[in-house]
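I set out to record, entry by entry, what I looked up in this structure.

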Amino acid sequence: MSDGLRYLSASDVTAAMPPVAERLALAERTMTALVADAELPPKIGVHPRPEGSFAHAMPALLRPAGARAAGTGATDPVSTGPASTAPASTADDLLGIKWVTGFGENQARGLPSIHALVIVNDAATGVPTAILDGGSITAQRTAAVSGVAIERFAPSGAHRAAIIGAGVQGRSHLEVVGHLLPGADLSVYDRHPERAAALAEAARATPGIANAEVASSARQATAGADVVITAASFTTPDRRGTLTAEWLTPDALVVAVDYATMVAASVARDAALFLTDERGQFLANRDAGQFDGYPDPGATLGEAILARTPRPPNGRVLVSHLGVGLADIVFAEAIVRRARAAGLGTSLDH
C-alpha cells in the first residue's frame with residue numbers, strides 16, 4: 001500500500017529524473033516487458049480542431065516477469081486479457097495511465113507543444129498514489145527508447161549522428177547521443193534556423209558530443225550520418241515521407257520518433273531490419289493511415305532484445321517507436337520513488 005497521494009510538478013519531475021544510464025535500463029525493461037509481461041491497448045485518441053493536434057489516453061499494466069494477469073477487469077465477463085493460472089502477488093505490479101495532448105501550433109503562442117499528466121495507481125487496490133507532470137517524462141522516456149535502439153543497432157564505430165527537429169524531443173536526445181556515441185559529431189536541422197542553432201549550442205555543451213553543426217537542409221544533415229533521429233513536428237505535412245534511401249548511408253540506423261512524418265515507406269520496405277516498439281499500436285496506426293505503404297515490422301524492439309537479434313552485417317536498420325504508456329508508468333514509478341526519498345512533491349488528500 002502506498003503512503004498517500006503525491007503530486008509532482010514539472011520541476012519536481014526534473015529534479016527526480018534518474019540519470020541517463022538508469023533511464024536506458026528503464027527503457028529496455030519496458031521494451032522487453034511488452035513482449036509478455038504487460039497489458040496495454042493501442043493509444044485511445046481524439047483529434048482537436050487545430051490541424052495535426054491530438055489527445056491520447058495511454059493506460060498500461062506491468063506484471064512481474066512470468067506472472068499472469070487476473071484479467072482486464074474484475075466485473076468484465078468478456079475480458080480478453082490473459083487468463084489467470086494462479087494467485088500472484090501484486091507487490092511489483094505497476095498500474096497507471098498517461099493523458100497527453102499535442103498542439104503543434106502552440107509554439108507560435110510561446111507554449112509547449114506537448115502537455116501531459118501521468119497517474120499512478122496502487123496495483124492491488126486501484127487507489128491513486130501519484131500524479132506527475134508528464135512533459136519531461138514523455139521527452140526522456142522517448143529518448144531512452146531511442147537509446148536502446150542505438151545501443152543495440154547502431155553500425156560498428158558509429159560516431160556521426162543527425163537530429164531532424166530541434167524541439168523538446170530533439171533536445172532530449174542530446175544526452176543519450178553523448179552517452180552512447182562518445183566523441184559524436186552531430187548535425188542538426190530544423191525548419192526554424194534559430195531553433196536549430198540553439199540545439200546545436202546545447203549539443204556542444206553536452207558531455208560526449210565533440211562537435212555540433214547546423215545543416216541547411218534535412219538532407220544535408222543526414223549525409224554521412226551513421227545514426228539518424230527524426231523528431232520533426234507532426235504539423236509539417238509538406239515534409240511527409242521525404243526522407244528516402246538516397247539521403248542515407250548504406251548501413252545507417254534510422255530512429256523515427258515522429259511516426260512517418262519524415263521517413264518514407266520505402267526505407268522500411270528496403271531495410272535489412274525494421275523494428276517497432278509495440279506491434280499492435282503500429283498496426284492500428286497503419287490501419288488509420290499513419291503508415292501507408294509500410295510493411296509489417298520484422299519484430300518489436302523487445303523481441304529483438306530477448307532473441308539477441310544481431311545487427312545485420314549489411315544494410316540499414318529502421319526503428320520506429322510510437323511511444324507506449326508502459327514507458328511512462330515505468331519511468332513514473334522510478335521518479336516517484338526518488339522523489340519520496342528526496343522529500344519532493346506535494347501531498348494531496350484523496
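**Entry: sheet pairing.** I looked up strand β11 (residues 227-230) and found that 4 bridges join it to strand β12 (residues 253-256), the two running parallel. I229 stands opposite V255 in β12. Strands here, and helices further on, are DSSP runs numbered from the N terminus (strands E, at least two residues; helices H or I, at least four). Two strands count as paired if DSSP finds at least two bridges between them.

I note the basis of these entries: the model is predicted, local features need pLDDT of at least 70, side-chain atom pairs count only at pLDDT 80 or more, and totals for chains, interfaces and linings use all residues. Residues are numbered from 1 along each chain as its sequence is written, and side-chain values use heavy atoms, with hydrogens and water left out.

I then traced the sheet as a whole: 8 strands form an open sheet with parallel pairing, in the order β10-β9-β8-β11-β12-β15-β13-β14. Its edges are β10 (209-214) and β14 (299-300); each has a single partner strand, so one side of each lacks a neighbour in the sheet.

**Entry: strand β1.** I looked up the partners of strand β1 (residues 5-8) and found that it pairs with strand β16 (residues 346-348) in the antiparallel sense over 3 bridges. β1 also pairs with strand β7 (residues 128-133), in the parallel sense and over 3 bridges.

**Entry: nonpolar cores.** A nonpolar core is a set of buried Ala, Val, Leu, Ile, Met, Phe, Trp, Tyr and Cys residues joined through side-chain atoms within 4.5 Å. Buried means under 20% relative accessible area, exposed over 50%, and partly exposed in between (1.4 Å probe, protein chains only). The largest core has 72 residues, of which L132, I150, L186, V227, L253, L301 and L326 touch the most other members. Helix α11 (residues 325-342) gives the most to this core, with 10 residues. Apart from it lies another core of 29 residues, including A218, L243, V263 and F291.

I listed the contacts of L326 (heavy atoms within 4.5 Å). Leaving aside neighbours within four places in sequence, L326 is in contact with T30, A33, L34, A38, L40, A60, L61 and L62.

Entry: A154 is in the loop between α3 and β8 (160-164). Is A154 buried or exposed? It counts as buried because its relative accessibility is 16%. Not counting residues up to four places away in sequence, A154 touches A149, V227, L253 and R311. The C-alpha atoms of A154 and L253 are separated by 5.5 Å, although the residues are 99 apart along the chain.

Q140 is in helix α3 and is buried, with a relative accessible area of 18%. Beyond four places in sequence, Q140 is in contact with M17, R23, S172 and F331.

**Entry: cavity.** A cavity is a set of points, on a 1 Å grid over the protein atoms alone, where a 1.4 Å probe fits but cannot get out; lining residues have an atom within 4 Å of a point. M31, R141, T142, V145, D277, H321, G323, V324 and A327 line the largest cavity. Helix α3 (residues 135-153) supplies the largest share of this lining, 3 residues.

Technical notes
1 Å grid on protein atoms, 1.4 Å probe; cavity = no way out; pocket = protein on both sides within 12 Å on 5 of 7 lines; lining within 4 Å.
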